[in-house]
Amino acid sequence: MSPESAVREPQTRTRQTGQPQARTPQGRERRPRTASNPRREILLLKTAIWVTGLAPILWLAVAFFQRDLGVNPVEKIIHIQGRWTLVFLLAAMAVTPIRRLTGWNRIIQVRRLVGLFAFFHACVHFLSYAGMEQLFALEYILADVVDRRYITAGFAALVLLVPLAVTSTRGWIRRLGKRWQRLHRLAYVAAGLGVLHYYWKVKGDTFWPLLAALTLAGLFAVRLAYRRKRKRR
Ligand code: HEM
């Protein structure tokens, strides 16, 4: 027996084409190496999300210990965290509209991860404020939540994100059934409050909060348009 024939791959025929299908030496089907290998596509996307999600924290930690965060490092940390919270929140809200507009259904597989990174950044943002600005003094934090409207809005957004993060698992999706979708519409309220928090915070230059508001409104409009279309059918 030649060495080639000793390792020759066993073959079966594909159902669609009747062409011989390659198998691995262990007998598993070998996937065609096309650009749109679904598993690979999602794995790459998830890797990119993990890197983008963790990079700001690592960067902040390194810059903090190198004393490279300017004259007010605490403010800078809170600002950068706040911005990333909003970016991830809007990205999570964008998943369904992207799916509707492009028909790229697999993108839904990364929605949970993006949403959890939004929650993670919101928690780090809040903890940075609570720990570095208020030294975890509960009475000062509560006074801020009551007295400063931008803190009230941010805090309300964070509170709303808690049930969404908790119920993002498969078990909860199954348990809640249709109620899950209704509950997760709260993400729009949380994102709206996050944008309002940003707008009230910046005072002067409102370009970025208004852009965030416009983005959120656009995403909401796509969702509404799709719902109307589906009802008419
Ligand atoms: C979904 C929730 C939240 C989002 C999306 C969010 C987003 C933001 C954004 C974008 C900024 C402004 C960054 C800049 O000026 O460039 C900010 C600032 C700030 N946020 Fe939040 N935030 C959230 C929750 C919270 C919570 C829960 C707190 C505290 C209770 C909080 C406290 C602050 C503070 C104190 C600042 C200003 C820091 C300073 O100027 O010293 N945020 N946030």
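Reader: Which residues come nearest to the ligand?

Author: Happy to start there, with a word on the basis: this is a predicted model, where local features need pLDDT of at least 70, side-chain atom pairs count only at pLDDT 80 or more, and totals for chains, interfaces and linings use all residues. Residues are numbered from 1 along each chain as its sequence is written. Of the 24 residues around the ligand, the nearest are G82, G154, A157, L158 and G194.

Reader: Which helix supplies the largest share of the shell around the ligand?

Author: Helices here are DSSP runs (H or I, at least four residues), numbered from the N terminus. Helix 3 (73-102), helix 4 (111-133), helix 6 (149-166) and helix 9 (186-202) each supply at least two residues of the shell. The largest share, 8 residues, comes from helix 3.

Reader: How many residues of the shell around the ligand are nonpolar, polar and charged?

Author: Ala, Val, Leu, Ile, Met, Phe, Trp, Tyr, Cys and Pro count as nonpolar, Asp, Glu, Lys and Arg as charged, and the others, Gly among them, as polar. By those classes, the shell around the ligand has 14 nonpolar, 7 polar and 3 charged residues.

Reader: Are helix 3 and helix 4 roughly parallel or antiparallel?

Author: Axes are lines fitted to C-alpha atoms, for helices over the stretch in contact, and angles run from 0 to 180 degrees between N-to-C directions. The axes of helix 3 and helix 4 come within 8 Å and cross at roughly 160°. Angles under 35 degrees count as roughly parallel and those over 145 as roughly antiparallel. Helix 3 and helix 4 are therefore roughly antiparallel.

Reader: Which residues make the contact of helix 2 with helix 4?

Author: The axes of helix 2 (residues 38-65) and helix 4 come within 10 Å and cross at roughly 5°, which makes the two helices roughly parallel. Two residues are in contact if their C-beta atoms, placed from the backbone, lie within 7 Å. Helix 2 brings K46, I49, G53 and I57, and helix 4 brings L113, V114, F117, F120 and V124.

Reader: Where does pLDDT stay under 50?

Author: pLDDT is the predictor's confidence in each residue, from 0 to 100. The protein has a mean pLDDT of 88, and 85% of its residues reach 70 or more. Where pLDDT is low, the predicted coordinates should not be read in detail. The stretch where pLDDT stays under 50 is residues 1-19.

Note on methods: A residue is near a molecule or strand if its C-beta atom, placed from the backbone, lies within 6 Å of it. Angles under 35 degrees count as roughly parallel, over 145 as roughly antiparallel, 65 to 115 as roughly perpendicular and the rest as oblique.
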